[in-house]
Amino acid sequence: MASRTYSERVIVLRKTRLREADLVVTMLAEDGRQVRAVAKGALKPSGSFASRLELYAESDVLLVEGRSLDIVKEARLVNAHEKLRFEYARSICAAPMVELLAIATQDELPVAHLFAMTRVALDALERASEERVPLVMTAFLLKASSVLGFRPSLDTCAECGRERGSREYPAWVSHAAGGVLCLDCASRQEAVVLPAATIGWVNWLIYSTFEQITNEENLPPSPRDLMGFAQAWIREHIGELRSLAFVMAEFAGGAR
């Protein structure tokens, strides 16, 4: 019986060498599922997949079901996102975005809105001014975590639901508990005190559009603090992002 053939609009998240000239390509499908498939001959200079299945690229692919992994038969490039591979700051900030998707998505679990948000975020990362590039990355990490079911509670106590007090004062935060804590709950949890400004900027990044983020005139005084929040949050609820640790080190002195 002939194997089933099907098509997908995808964004390439990861490429792993399988054989001398073959790759296993991890992709985000349009419905938010993860798709893994073999691209035979993809590493050959003359191969038809070389430029169509690059990291961060958006492509239309034709796939054939296989026994363990499906096989890429055809690929048509939709958006190469070349800047994300060839400009250093954009490249290192794109890496944690796709790493998060590669470890958090599953092949049988669609996630509504995730593909559309990723497409918009990659476009924003390409066109943003260099000083806003880490901000776009951080916004995506927080938004994607929220869409995947891990939205931090920043307005009410994550434990008892009590309304947070004045937004002008620092607040207790527990990543393990799920966000800000009132004083009573903080006394029973492992929590840290974060400045009100940090919590406010994190909340703004989650709920603002990427257009607003790329056009905002006022930038946070310490983008690295926001990256640190995202790093700790994702480490607690999803897993360690090695590429994000590298970005944190690169931007140790603030956005470049």
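## Strand β4 and its neighbours

Strand β4 is mostly covered, with five of its seven residues buried. The model is predicted. Strand β4 covers residues 58–64 and pairs with strand β1, residues 5–17. The two run in the antiparallel sense, over seven bridges. T5 stands opposite V64 in β4. E8 has V61 of β4 as its bridge partner.

Strand β4 also pairs with strand β5, residues 70–79. Seven bridges join these strands, which run antiparallel. D60 has R76 in β5 as its bridge partner. A hairpin of five residues joins β4 to β5.

## The β1–β2 hairpin

Strand β1 has a further partner in strand β2, residues 23–29. Their pairing is antiparallel and runs over seven bridges. Five residues lie between β1 and β2, and the two strands form a hairpin. R17 bridges to L23 in β2.

Taken together, β1 pairs with β4 and with β2, while β4 pairs with β1 and with β5.

## F140 in helix α4

Helix α4 spans residues 133–147, and F140 lies in this helix. Is F140 buried or exposed? F140 is buried, because its relative accessible area is 0%, and the cut-off for buried is under 20%.

Which residues does F140 touch, leaving out those up to four places away in sequence? The contacts are M97, L101, M117, T118, A121 and F210. A39 gives a distance for reference. F140 and A39 are 101 residues apart in sequence. Their C-alpha atoms are 28 Å apart in space.

## Helix α8

Helix α8 holds 15 residues, 223–237. The expected span uses one less than the number of residues.

Several residues of α8 are buried: P223, L226, M227, F229, A230, Q231, W233 and I234. G239 follows α8 and has a positive phi, near 150°.

## Cysteines

A disulfide is a covalent bond between the sulfur atoms of two cysteines. How many disulfides does the model hold? The count comes to zero. The cut-off is 2.5 Å between cysteine sulfur atoms.

C160 counts as partly exposed because its relative accessibility is 43%. That value falls between the 20% and 50% limits. C93 has 0% relative accessibility and therefore counts as buried.

## The largest pocket

The largest pocket has a volume of about 250 Å³. Its lining comprises 15 residues. Those closest to the centre are R164, G165, P170, A171 and L181. Which elements give two or more residues to this lining? They are β6, residues 171–174, and β7, residues 179–181.

Methods: Residues numbered from 1 in each chain as written. Predicted model: local features only at pLDDT ≥ 70, side-chain atom pairs only at ≥ 80, totals over all residues. Heavy atoms only, no water. Pairing = 2+ DSSP bridges. Helix = DSSP H or I, 4+ residues; strand = E, 2+ residues; numbered from the N terminus. Buried < 20%, exposed > 50% of the residue type's maximum accessible area, 1.4 Å probe, protein only. Contact = heavy atoms within 4.5 Å. Expected span 1.5 Å × (residues − 1). 1 Å grid on protein atoms, 1.4 Å probe; cavity = no way out; pocket = protein on both sides within 12 Å on 5 of 7 lines; lining within 4 Å. Points joined across faces, edges and corners; volume = space filled by probe spheres on them.
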